[in-house]
Amino acid sequence: MSPMSRMFILSAALCVALSPLTWGQNCSDHCKACGGPENNQCLQCQTGFILHDNLCVDIDECGTDLDQCPHSTYCFNTHGSYECKGCDKACVGCMGGGAARCNKCAPGYRSSGLRCIDVDECGEEVLACAGLNVFCVNTEGSFRCQCAEGFTRREQNCERQQISASAEKGLFDDIQEDELMVLQQMFFGVVLCALATLAAKGDMVFTSIFMGAAAAMAGYWLSDKSDRLIDNFMKGR
């Protein structure tokens, strides 16, 4: 048999052998090469999968040495790959998400049962915040020292806030003259009403006081009116 004939026969045999094999076309998901479109006809798998009984099965990289997750993260398997996710803030190193999967508890946390919980420094330490006029506020994983109301921090101490003299105002500092007059009239009106009630009961003492107060009120009113009339007259000249 000539060499040409042998080459022809080998080429034909190779074509027959490879005829059932399809590379990537019409293959099921995750198959790189297959003998047909069905899932169980895979011959070679894509990256992230392994061939098992002609099926492409996801490789769990997190259960092998394939993951390359850095410290303070954990491996999370995905379909055909994996992700590196951050550990809970209560953990120093972890095997999964949440405070129950910690390798070790972070500072400010302690182990309780199967998880790391926050340490209440304010409740467990007698002098978490030293000094007077200061109190402890617990925070997640730590605490802070806060000055009491009316005090402000100066260096390491809490000192009473200084209020300027201009900021200290009395109850009636902002009252206007007209408003003051109305208040005076209301006060005298209440007093006269009380005295009139007692005088109506026949009490001579309170009757005398009532009449005197009424006369004083009338005199004050007339005096104030006359002063205003004189002022207006002098301004008009």
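This passage walks through the overall make-up of the chain and then a handful of its local features.

The structure is a predicted model, in which local features need pLDDT of at least 70 and side-chain atom pairs count only at pLDDT 80 or more, while totals for chains, interfaces and linings use all residues. Residues are numbered from 1 along each chain as its sequence is written, and side-chain values use heavy atoms, with hydrogens and water left out.

The protein chain has 4 helices and 13 strands; these are DSSP runs numbered from the N terminus, with H or I over at least four residues for helices and E over at least two for strands. Its accessible surface comes to about 17700 Å², and carbon and sulfur atoms hold 58% of that. Such areas come from the Shrake-Rupley method with a 1.4 Å probe, and for residues only the protein chains shown count as cover. Of the 237 residues of the protein chain, 18% count as buried. Here buried means under 20% relative accessible area, exposed means over 50%, and partly exposed is in between (1.4 Å probe, protein chains only). As for contacts (heavy atoms within 4.5 Å), residues 24 or more positions apart account for 9% of those in the protein chain with a separation of 6 or more.

The partners are R154 and E159, with an N to O distance of 3.4 Å. R154 counts as partly exposed because its relative accessibility is 44%; E159 is also partly exposed, with a relative accessible area of 37%. The search for aromatic pairs across the whole structure finds 0. For that search, rings of Phe, Tyr and Trp (its six-membered ring) pair if their centres lie within 6.5 Å, and planes under 30 degrees apart count as stacked, over 60 as edge-to-face and the rest as tilted. A ring does feature in another arrangement: the charged end of K85 sits over the ring of F76, 4.1 Å from its centre. A charge is placed over a ring if NZ of Lys or CZ of Arg is within 6 Å of the ring centre and within 35 degrees of the ring normal.

On the surface, I50, L55 and V57 form a nonpolar patch, and together they have about 230 Å² of accessible area. Patches are made of residues with over 30% relative accessible area and no salt bridge, where like charges are joined within 9 Å and nonpolar side chains (Val, Leu, Ile, Met, Phe, Trp, Tyr) within 5 Å. V57 belongs to strand β5, residues 55-58, and counts as partly exposed because its relative accessibility is 37%.

Two residues draw attention through their backbone angles. Most residues other than glycine have a negative phi. S72, although it is not a glycine, has a positive phi of about 70°. This serine lies in the loop between β5 and β6 (73-78) and is partly exposed, at 34% relative accessible area. E155, likewise a residue other than glycine, has a positive phi near 60°. E155 is in the loop between β12 (151-154) and β13 (157-160), and its relative accessible area of 74% makes it exposed.

Several further residues show how parts of the chain meet. S28, in the loop between β1 (22-23) and β2 (31-34), counts as buried because its relative accessibility is 9%. Beyond its neighbours within four places in sequence, S28 is in contact with P37, E38, N39 and C42. In strand β6, T78 is 20 residues from D58 along the chain, with 8.6 Å between their C-alpha atoms. With neighbours within four places in sequence left aside, T78 is in contact with D58 and E83.

T139 lies in strand β10 (residues 134-139) and is partly exposed, at 25% relative accessibility. Its C-alpha atom is separated by 9.1 Å from that of V119, 20 residues apart along the chain. Leaving aside neighbours within four places in sequence, T139 is in contact with D118 and R144. F143, in strand β11 (residues 142-147), is partly exposed, with a relative accessible area of 29%. F143 and C129 are 14 residues apart in sequence and 9.3 Å apart from C-alpha to C-alpha.

Methods
Salt bridge = Lys/Arg side-chain N within 4 Å of Asp/Glu carboxyl O.
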